[in-house]
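Here's a quick briefing on a single model, put together for someone who likes the cut-offs spelled out. Have a look at the sequence and coordinates first.

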Amino acid sequence: MHPRWTSGPRALTLVRHGESVGNQADQAAREAGAEELELTVRDADVELSDTGQQQAEALGRWMADASEELRPTLVISSPYRRAAQTAEVAAARAGLPVWFDERLRERDLGAFDGLTGRGIRARHPEESARRTRLGKFYYQPPSGESWADVVLRVRSLLADLRHGYDGERIWMFSHQAVIMTFRYALEGIREPDLLEIDREVQIPNASMTRYRRDERDGGSFVLETFADTEAVARTEATVTEEDPR
């Protein structure tokens, strides 16, 4: 069942941050068969790579050239550096300020932060078994968040947007798992179906997932495009995404 909206924004666009040096470190660690990433900063401080900067600039150009109905009237971002940089570069083209909301931050992996899948299985075999038993959606890493935990903060943010944001076209810059949980909250997708989508689609960096409110359908948000890379693909910037393995 779709949640009913009698007030609030008319459109929501969810944007994943541009490629980060963390994405690059993760790919390098996987290729090397390493147990952990070579990063010296906390997750909140991971910056965009040069490619990510180009992707953010491509988003800004797309935003400036888009029709009025697609351009934002309000930009909100995760405060994590890679998302904030993407939002600030893109929004500058539209002359809009960026507001930050910690509910858009990346999922907290707790004790697993900085580890590859190989590292988790080697150093925390009992947690690997527990994750298999509980499933990806409800499993909570030690000191970290489950996807269900992320859904709770997404629902909190959506509840706030029902009041005082009537008619706004809001762009929110965030992270892969968070964007997937928006789909769960906005579309009423069942857990197995959401995880199937997650297995099939790796949300590319700087991609757009767009919703529009349909008054004919009780005011619910209807998905128009998912993981769309048009903004980056039409430029010389490279489209990037995680290795699904």
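Predicted model: local features only at pLDDT ≥ 70, side-chain atom pairs only at ≥ 80, totals over all residues.

Residues are numbered from 1 along each chain as its sequence is written, and side-chain values use heavy atoms, with hydrogens and water left out.

**Helix H7**

- Helices (H or I, at least four residues) and strands (E, at least two) are DSSP runs, numbered from the N terminus.
- H7 covers residues 176–187, and its twelve residues should span 16 Å at 1.5 Å a residue. The expected span is 1.5 Å times one less than the number of residues. The end C-alpha atoms of H7 are 17 Å apart, which agrees.
- How many of the residues of H7 are buried? Twelve of twelve are, where buried means under 20% relative accessible area, exposed over 50%, and partly exposed in between (1.4 Å probe, protein chains only).
- Contact here means heavy atoms within 4.5 Å.

**Nonpolar cores**

- In soluble globular proteins, nonpolar side chains tend to be buried together.
- A nonpolar core is a set of buried Ala, Val, Leu, Ile, Met, Phe, Trp, Tyr and Cys residues joined through side-chain atoms within 4.5 Å.
- The largest such core has 33 residues, and Leu-12, Phe-137, Leu-158, Met-172, Phe-182 and Leu-186 have the most contacts inside it.
- Two or more residues of this core come from each of S1, strand S2 (74–77), H6, S4, H7, H8 and S6.
- There's also a second, separate core of 18 residues, with Ala-66, Val-75, Ala-87 and Val-232 among them.
- Leaving aside residues up to four places away in sequence, Met-172 touches Leu-12, Thr-13, Leu-14, Val-15, Ile-76, Leu-104, Leu-157, Leu-161 and Phe-182.

**Aromatic rings**

- Rings of Phe, Tyr and Trp (its six-membered ring) pair if their centres lie within 6.5 Å; planes under 30 degrees apart count as stacked, over 60 as edge-to-face and the rest as tilted. The count by this rule comes to six aromatic pairs.
- Phe-112 and Tyr-139 are stacked, because their ring centres are 6.5 Å apart and their planes sit at 20°.
- Phe-112 lies in the loop between strand S3 (98–100) and helix H4 (117–123), and Tyr-139 in the loop between helix H5 (125–134) and H6, so the pair ties together parts that are 27 residues apart in sequence.
- Both partners are buried: Phe-112 has a relative accessible area of 5% and Tyr-139 one of 2%.
- Phe-137 and Tyr-138 make an edge-to-face pair, with centres 4.8 Å apart and planes at 85°. Phe-137 is buried at 2% relative accessibility, whereas Tyr-138 is partly exposed at 46%.
- Trp-62, Trp-171 and Phe-173 form one aromatic cluster.
- A charge sits over a ring if NZ of Lys or CZ of Arg is within 6 Å of the ring centre and within 35 degrees of the ring normal. Arg-162 does this over Trp-5, at 4.1 Å from the ring centre, and Arg-183 over Phe-226, at 4.5 Å.

- Most residues other than glycine have a negative phi, and most peptide bonds are trans.
- Ser-143 has a positive phi of about 65°; this residue lies in the loop between H5 and H6 and is exposed, at 71% relative accessible area.
- Ala-206 has a positive phi near 60°; this residue lies in the loop between H8 and S5 and is buried, at 0% relative accessibility.

**Two serines**

- A polar contact is a pair of N or O atoms within 3.5 Å; within protein, one must be able to donate a hydrogen and the other to accept it, and residues adjacent in sequence count only if both atoms are side-chain atoms.
- Ser-7, in the segment before S1, reaches the backbone oxygen of Arg-162 with its side chain at 2.6 Å.
- Ser-77, in strand S2, is buried at 0% relative accessible area. A polar atom of the Ser-77 side chain lies 3.4 Å from the backbone oxygen of Ala-83.
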